[in-house]
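User: I am new to reading protein models. Can you take me through a few features, step by step?

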Amino acid sequence: PNTQRMWLDNINTSLNADPADPGVYVLATRIGRKPVFDLSIGAKINIDHPGVQNLKVDLLADLTQGQMDFLVPQVQALLKQSKAAGTLSFSASGSVPFDDLNNANLHVESKLTNVNVVAGDQKVPVQGYQLSADVANGVVQIHNLQVDAAGSAFSLAGTVALNDRLDTDLTLHLD
């Protein structure tokens, strides 16, 4: 109830074999509903040596326009409950060999503005959120995770070292 049917148009996708390497497929996808939503995904997918190279994901969702029909109804209901009215951007790039995750090389950035985090009857207004992180050589480096909420700014930076079991040793700095 009180949601709109999800509507995605302007979807462009291509999957092409790389003539120089028959086990590699080049993926390019774009889903756009500008100015409220834009998603692009590109990657080289290696079937012979499972993994993804040249991964690039960019997402922009603008909830200030009052349109949410680019989202599934369950997410629409959640955002209405939290009175989300901001923008979300997410960007990731890098390479991930599926047979050796410790050799993944990724960079991630994300920003979110003006959303309420709802837990039960409690609402915490979040004016802003930013994340900048890298994964390289078995280490996750969080350069900055900042949350501006309830009149305060919370900033976190740290590293997580992945071992062969993919559990972690964590170093954390919280200001």
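User: Which residue takes a positive phi in the hairpin of strand 8 and strand 9?

Analyst: A note before we start: this is a predicted model. In that hairpin, Ala150 has a positive phi near 50°. Two residues sit between the strands.

User: In what sense do strand 8 and strand 9 pair, and over how many bridges?

Analyst: To call a pair, look for at least two bridges between the strands. Here strand 8 pairs with strand 9 (residues 152-162) in the antiparallel sense, over nine bridges. For one spot to look at, take Gln146, which stands opposite Ser155 in strand 9.

User: What is the phi of Asn54, and where is its place?

Analyst: Asn54 is not a glycine, yet its phi is positive, about 55°. Its place is in strand 4 (residues 51-62).

User: And what is the phi of Asn137?

Analyst: Asn137 also is a residue other than glycine, with a positive phi near 55°. Asn137 lies in a loop, between strand 7 (122-136) and strand 8 (139-149).

User: Is Asn137 buried or exposed?

Analyst: Check the relative accessible area: over 50% is exposed, under 20% is buried. Asn137 has 69%, so it is exposed. Asn54 counts as exposed because its relative accessibility is 51%.

User: Is Asp62 buried or exposed?

Analyst: Asp62 lies in strand 4. Its relative accessible area is 12%, so Asp62 is buried.

User: Which residues is Asp62 in contact with, leaving aside neighbours within four places in sequence?

Analyst: Contact means heavy atoms within 4.5 Å. With those neighbours left aside, Asp62 touches Pro35, Val36, Gly86 and Thr87.

Technical notes: Residues numbered from 1 in each chain as written. Predicted model: local features only at pLDDT ≥ 70, side-chain atom pairs only at ≥ 80, totals over all residues. Heavy atoms only, no water. Helix = DSSP H or I, 4+ residues; strand = E, 2+ residues; numbered from the N terminus. Buried < 20%, exposed > 50% of the residue type's maximum accessible area, 1.4 Å probe, protein only.
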